[in-house]
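Trainee: I have a new structure to get through and would like to talk it over. Can you look at it with me?
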Amino acid sequence: EGASFDVFRRADVRMTADWLDFSVEHLSKWWKVLRAETDLIVMKRVLDILEKFFIKVQPFYENWELNDVTSVTQQTIAVLPINSGHPMKTYALAATLASLWQIGIGRAVVFGDNAEENTDIETAFQLMRSKMAQYPNHPIMELAFSYGREMSRIIQKAQHTPKAALHGLQDALLSRNRTNENIGLWLGDRGRSFYKYVYMTEADLLLVTRPSALPAIVEELQKKHVILSAHRLQPLPHEMNLPGYTIENRYIPSGYRKVQYLDQYQPTESCCDGGQFKPGFRPVIRPCGYVWSYCGFNKPGNYSDPAVFQEKHKRLKDYAFISLTRGSGLVFAGTNHGRRCFPKHNNNEACKKQDENRSDTMSYVLEQ
């Protein structure tokens, strides 16, 4: 995020009015609030979810052909900073790479702090190579790993792996203080004259988009000094994804609210951005020092008491619960910065930009 903010200050940053057009599902904070790294039962469930997503991902286009849209995705290099060392991160990386490959991203460079991470990253790469081999008519996404040995000066100065990754890419593109070997590691055989776009992401952010949105996205990208920022969807620990889980203060029970399912491949389904009014976020409600949607988890109290449960999770009251059928299948209520969307089914109208101070009730959405 810090690396992105540095860039955002210097460019025209835009987001889509429909979350299904361009967003990401953010996984790591979700498994952390469940304490999956120490709970083996939850860890297994997380790995199952990642594996199912990875298996079901398919290319956007049955018959690949180079055109105005696909040439842009091919000319895009994805940069994925990572701090590895845990099986969930390895398989989250594989799932993230698959979400990029499906739209035809040309090259993905994973950037780590040290060479010791290479084993975990290579495991993810092997999974991707096996998957890509199943679709010989779809272009292969080049995969590479770069680590911070030659970037030690930047890492020591910034203490921030994503910033170091951007510096590394920039040095390769400008041929600054780089050997031919290092330039090739970042840019491959195609070289810097081929790549025109950069997709900066992380190893636990599953890309959400749809074929019908790509032409408009490409049109925006071809304007000068434009950056498209994805909505970051923040999944909730929900009983639907954790069958049999019994620690009451760590998940939302299925009976709390109906989950609405959206399919981003269906042009009549939308998740329309609700604007800057964020009923569960500051300044509307006091922050808790953590991700706003997770404030009610892992607190003492009798969560089986409806009144206690409602008070703990009061920040979620005016948010719809949504799950993407072609995504991870996890349930989310909003973005990590408190934005909400209005889910729409059988909708033939494009989402419109909302008034900055819109405070419409979500009741009609929640009752659907």
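Trainee: Among contacts in the protein chain between residues at least 6 apart in sequence, what percentage join residues at least 24 apart?
Mentor: That comes to 80%. Keep in mind that this is a predicted model.

Trainee: Okay. How many helices and strands are there in the protein chain?
Mentor: The protein chain has 12 helices and 14 strands.

Trainee: And what share of the residues count as buried?
Mentor: The chain has 368 residues, and 53% of them count as buried. Its accessible surface is about 17600 Å², with 49% of that belonging to carbon and sulfur atoms.

Trainee: On to the sheet. In what order do the 6 strands of the open sheet run?
Mentor: The order is E7-E2-E9-E13-E12-E10, with mixed pairing. At the edges are strand E7 (205–208) and strand E10 (259–262), each of which pairs on one side only. From one strand to the next, the twist averages 40°.

Trainee: What holds strands together in general?
Mentor: Strands of a sheet pair through backbone hydrogen bonds, in either a parallel or an antiparallel way.

Trainee: Then take E2 and E9: parallel or antiparallel?
Mentor: Parallel: strand E2 (residues 23–26) and strand E9 (residues 231–236) pair in that sense over 3 bridges.

Trainee: Which residue in E9 does valine 24 stand opposite?
Mentor: Arginine 232.

Trainee: New topic. How many disulfides does a search of the whole structure find?
Mentor: The search finds 3 disulfides. With the bonded cysteines numbered in sequence order, they pair as 1-5, 2-6, 3-4.

Trainee: Start with cysteine 271. What does it form a disulfide with?
Mentor: Cysteine 271 is linked to cysteine 341, and their sulfur atoms are 1.8 Å apart. The link between cysteine 271 and cysteine 341 is left-handed, with -60° about the S-S bond. Cysteine 271 belongs to strand E11 (residues 270–273) and cysteine 341 to strand E14 (residues 341–344), so this pair ties together parts 70 residues apart in sequence.

Trainee: Are cysteine 271 and cysteine 341 buried or exposed?
Mentor: Both cysteine 271 and cysteine 341 are buried.

Trainee: And cysteine 272, what is its disulfide partner?
Mentor: Cysteine 351, with the sulfur atoms 2.1 Å apart. The link of cysteine 272 and cysteine 351 is left-handed, at -70° about the S-S bond. Cysteine 272 lies in strand E11, while cysteine 351 sits in the loop between E14 and helix H12 (363–366), so the pair ties together parts 79 residues apart in sequence.

Trainee: Why does cysteine 351 count as buried?
Mentor: Because the relative accessibility of cysteine 351 is 15%, and buried means under 20%. Cysteine 272 is at 2% and also counts as buried.

Trainee: Which cysteine pairs with cysteine 288?
Mentor: Cysteine 295, and the sulfur atoms are 2.0 Å apart. The torsion about the S-S bond of cysteine 288 and cysteine 295 is about -80°, so this disulfide is left-handed. Cysteine 288 is partly exposed, with a relative accessible area of 32%, whereas cysteine 295 is buried at 6%.

Trainee: Let's do charges. How many salt bridges does the structure hold?
Mentor: It holds 14 salt bridges. One of them joins aspartate 48 and lysine 44, with the closest N and O atoms 3.3 Å apart.

Trainee: How far apart are aspartate 48 and lysine 44 in helix H3?
Mentor: They are 4 residues apart in helix H3 (residues 40–56), so about one helical turn separates them. Aspartate 48 counts as partly exposed at 23% relative accessibility, and lysine 44 counts as exposed at 54%.

Trainee: What does glutamate 122 form a salt bridge with?
Mentor: Arginine 129, with the closest N and O atoms 2.7 Å apart. Glutamate 122 is partly exposed at 27% relative accessibility, and arginine 129 is partly exposed at 36%.

Trainee: Back to strand E11, then. What does aspartate 273 meet in a salt bridge?
Mentor: The side chain of arginine 339, at 2.6 Å from N to O. This pair links distant parts of the chain: aspartate 273 is in strand E11 and arginine 339 is in the loop between strand E13 (331–335) and E14, 66 residues apart.

Trainee: Is aspartate 273 buried or exposed?
Mentor: Aspartate 273 counts as buried at 9% relative accessibility. Arginine 339 is buried as well, with a relative accessible area of 15%.

Note on methods. Residues are numbered from 1 along each chain as its sequence is written. Side-chain values use heavy atoms; hydrogens and water are left out. Two strands pair if DSSP finds at least two bridges between them. Helices (H or I, at least four residues) and strands (E, at least two) are DSSP runs, numbered from the N terminus. Axes are lines fitted to C-alpha atoms, for helices over the stretch in contact, and angles run from 0 to 180 degrees between N-to-C directions. A disulfide is a pair of cysteine sulfur atoms within 2.5 Å. Buried means under 20% relative accessible area, exposed over 50%, partly exposed in between (1.4 Å probe, protein chains only). Contact means heavy atoms within 4.5 Å. Accessible areas come from the Shrake-Rupley method with a 1.4 Å probe; for residues, only the protein chains shown count as cover. A salt bridge is a side-chain nitrogen of Lys or Arg within 4 Å of a carboxyl oxygen of Asp or Glu.
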